[in-house]
Amino acid sequence: MQESSYLILGVGENATLQEVENAYKALKEKYQTQCFEEGERGSFAAKMLSKIKIAYSDCLEDIKKKEIVGSGSIYEAIEKLVGENKLNEAQALLDETEPRGGDWHFAQAHIFFKRNWFLESKNQVEMALTFDPDNTNYKTTLNALNRMQSTVDDEAKAARQARAGYSTPQEVGGGGGACINGGVCSYCAALLLCNAICWFCV
């Protein structure tokens, strides 16, 4: 949102929705009357109508964003939306968030993972690590994703071998099975990832 949007409407940055609506209506009535006048006055009024319309829209979006975020941080609000499976709302809020550093990419990874976009999620965690290479949470999450990928690859390989008539010496994963010989089954890998990626959990 442009910093001047509230100023264009003549209200403070902490204005309520009602105050913004009242200011917009008053300005709209004023310039709608003037825009039919000839010369510079009419031209100016027409430009102002367009300007206050954009400012009004910006202010409404900003107020809505403040309501979602509340007293916490943007990323806490995004995490809450993801936890409620409101992924479109979480993505929209994240798209409006700047700067796009490690926290931003890690939040994107969480949204992608909830959408079952595994590789995209992993790529975002790797990008988060480029901003903060020593972040333990990012490292733990990436390790969990790598273990999950390895497990999925092993399961796919075992399935291909089974279809080809080869016997499988041991179960390497599957649903809720137990981990074997120090490996990590897909179920446990998923739990590890969930624990790692919930960065606001305590």
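Residues are termed buried when their relative accessible area is under 20%, exposed when it is over 50%, and partly exposed in between (1.4 Å probe, protein chains only). The structure is a predicted model, in which local features need pLDDT of at least 70 and side-chain atom pairs count only at pLDDT 80 or more, while totals for chains, interfaces and linings use all residues. Residues are numbered from 1 along each chain as its sequence is written, and side-chain values use heavy atoms, without hydrogens or water.

The protein contains nine helices and zero strands, assigned as DSSP runs (H or I, at least four residues, for helices; E, at least two, for strands) and numbered from the N terminus. Of its 202 residues, 35% are buried.

Helix α2 comprises 18 residues (17-34). Its buried residues are Val 20, Ala 23, Tyr 24, Leu 27, Tyr 31 and Gln 34. These residues lie on the same side of α2 because they cover an arc of only 100 degrees around the axis, the arc being that of the directions from the helix axis to the C-beta atoms. In general, an α-helix has 3.6 residues a turn, so residues three or four places apart point the same way. The buried residues of α2 pack against α1 (5-9) and α3 (39-69).

The face of α2 turned away from the buried side carries the exposed residues Glu 29 and Thr 33. Thr 33 counts as exposed because its relative accessibility is 56%. The side chain of Thr 33 reaches the backbone oxygen of Glu 29 at 3.0 Å. Between Thr 33 and Ala 46, 13 residues apart in sequence, the C-alpha to C-alpha distance is 9.9 Å.

Note on methods. Expected span 1.5 Å × (residues − 1). Contact = heavy atoms within 4.5 Å. Polar contact = N/O pair within 3.5 Å; in protein donor to acceptor, adjacent residues only side chain to side chain.
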